[in-house]
Amino acid sequence: MGGLDTLREFSLLRWLREGRQSRRLILLIVFIALLLDNMLLTVVVPIIPSYLYTVDDQAITTRNHTPSPHPPVGTFQTIVSLYDNSTRVVSGAPGVTTPRPLAQTIPPSPLAPGNTSKVDTDCPKGNQELLNENVKVGLLFASKATVQLLTNPFIGPLTNRIGYQIPMFAGFCIMFVSTIMFAFSESYTLLFLARSLQGVGSSCSSVAGMGMLASVYTDDEERGNAIGIALGGLAMGVLVGPPFGSVMYEFVGKTAPFLILAVLAVLDGALQLFVLQPSKVEPESQKGTSLLTLMRDPYILIAAGSICFANMAIAMLEPALPIWMMETMCSRKWQLGVAFVPASISYLIGTNIFGVLAHKMGRWLCSLIGMLLVGISILCVPFAKSIYGLIAPNFGVGFAIGMVDSSMMPIMGYLVDLRHVSVYGSVYAIADVAFCMGFALGPSAGGAIARSIGFPWLMTIIGVVDILFAPLCFFLRSPPGKEEKMAILMDHNCPVKTRMYNTQDSQHYQMGDDMETESDE
């Protein structure tokens, strides 16, 4: 038995050692991390608007119906007698009591059949409280992206110094704490804090995950395929999150979906702990291009802008669409999340199809078509009269964003290889900043715009912006390499391995051995 246990332990250690060198296992870890992160991102979409509206409505109802303990002098108080079935009206001052018939003095009960007001309704109309939820929900949703936006510039350079493993595991830990806070928070302040904390965890997971994939998949076509699969995890999270959250919230309660996500996060953390060994510091072998230099590259800015404005469309939909549905369609709680299912399914389809196809048809063309399709689809959303009318435009929005993301994420790594040093932490920090700007400006500005001029005008504005931005993707058709403008500046302090690309046919050649020889001299 001792020999068998030793053999099993040896087999497990060998599997872990091989797993650390397996690109597929690393891809699986990034896939799961993005899946859970985006499930937490979207599971709150149908829950928070309805939950906050219910809490605020209950607070207003309680405040309006709280009886005064001491009636003022000179007023009248109605007392119902259980003995003689009559009503006595008692003056605030000593005086004579006069019996009155019961039917003449008792006000109609809110539960009476003749009363037209409903105590519990699934169709709140466009009152001021409901319109105010646009701003509150928008700010809460935007807090995650805003914090992530502020954190990314620090995470990118950090991965260049200590490697990708430690930030990746730190992202899991922070996301777990945020999930538990969502489960048990009952006030707007705590929910806001949980959403903001999630932004820090998402920054660690997304920047480190994408950088890790770009570093292990050095071939441009393979990298595009791998990132497309990883974005499939993001798409599945976006797909499962809203319907999962709405159904669990409707039939189980607010806490249940977050506890299930917390359990899944623990399993993902255990896999990272054994495979990635996050206690080891593994810095990059060469000094990467500074973040400011990358941000001044116009081609990187165009790619980042495509990611930002495409995702801003769905970011504006997330807080505003459920409230608009509650106001105009009398939608039930579970329908608020199910409305996003077509967008999620089509995003999953788009990322998997164009992760491979975009390399063949041209990533610039794929992104240009995607931006146009986002704009057209988002313009069609306000024409829906029921939840079924949202299927086609939401499907188009998700499919088009999948086209843009699966094209622009690989092109960010390609531009670094072509024009800078092949270290990817900072450039994917920029990509994540662009993503976060869309999800920060979208909900915050979208909620205020929807409150001021209405949901249809909000959709019109972002749709026109996407259509106008689309032609800029043409400049990514054949970006010039750095060697076409100036001599390649080498860092002679360390061996450099750079993968160079031919801008015409995307064929590459390896310069690593020659560079190491020159560095040694």
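Rings of Phe, Tyr and Trp (its six-membered ring) pair if their centres lie within 6.5 Å; planes under 30 degrees apart count as stacked, over 60 as edge-to-face and the rest as tilted. Keep that in mind for the first view. This is a predicted model, where local features need pLDDT of at least 70, side-chain atom pairs count only at pLDDT 80 or more, and totals for chains, interfaces and linings use all residues. Residues are numbered from 1 along each chain as its sequence is written, and side-chain values use heavy atoms, with hydrogens and water left out.

**View 1. Phe354, Phe395 and Phe399 form one aromatic cluster.**
The structure holds eight aromatic pairs. One of them is Phe354 with Phe399, an edge-to-face pair with 5.6 Å centre to centre and 75° between the planes. This pair links distant parts of the chain, with Phe354 in helix H13 and Phe399 in helix H15 (residues 391-419), 45 residues apart. (Helices, H or I with at least four residues, and strands, E with at least two, are DSSP runs numbered from the N terminus.) Phe354 and Phe399 are both buried; buried means under 20% relative accessible area, exposed over 50%, and partly exposed in between (1.4 Å probe, protein chains only). Now look at Phe395 and Phe399: their ring centres are 6.5 Å apart and their planes are at 5°, so this pair is stacked. They sit four residues apart in helix H15, which means about one helical turn separates them.

**View 2. Ile345, Ile349, Ile353, Leu357 and Phe395 make a nonpolar surface patch.**
It covers about 370 Å², an area that comes from the Shrake-Rupley method with a 1.4 Å probe; for residues, only the protein chains shown count as cover. Patches take residues with over 30% relative accessible area and no salt bridge, joining like charges within 9 Å and nonpolar side chains (Val, Leu, Ile, Met, Phe, Trp, Tyr) within 5 Å. Helix H13 (residues 341-361) brings the largest share, four residues. Leu357 has a relative accessible area of 36%, so it counts as partly exposed. Phe395 is partly exposed too, with a relative accessible area of 36%.

**View 3. Leu390 is among the residues that touch the most other members of the largest nonpolar core.**
A nonpolar core is a set of buried Ala, Val, Leu, Ile, Met, Phe, Trp, Tyr and Cys residues joined through side-chain atoms within 4.5 Å. Leaving out residues up to four places away in sequence, Leu390 touches Leu321, Trp324, Met325, Met329, Ala339, Val381 and Ala384; contact means heavy atoms within 4.5 Å.

**View 4. Two salt bridges are found in the structure.**
A salt bridge is a side-chain nitrogen of Lys or Arg within 4 Å of a carboxyl oxygen of Asp or Glu. In one, the side chains of Asp417 and Arg223 meet at 2.8 Å, N to O. Asp417 is in helix H15 and Arg223 in helix H8 (residues 220-251), 194 residues apart. Both Asp417 and Arg223 are buried. Arg419 and Asp297 also meet through their side chains, at 2.7 Å, N to O. Here Arg419 lies in helix H15, while Asp297 is in the loop between helix H10 (291-295) and H11, 122 residues away. Arg419 has 9% relative accessibility, so it counts as buried, and so does Asp297 because its value is 3%.
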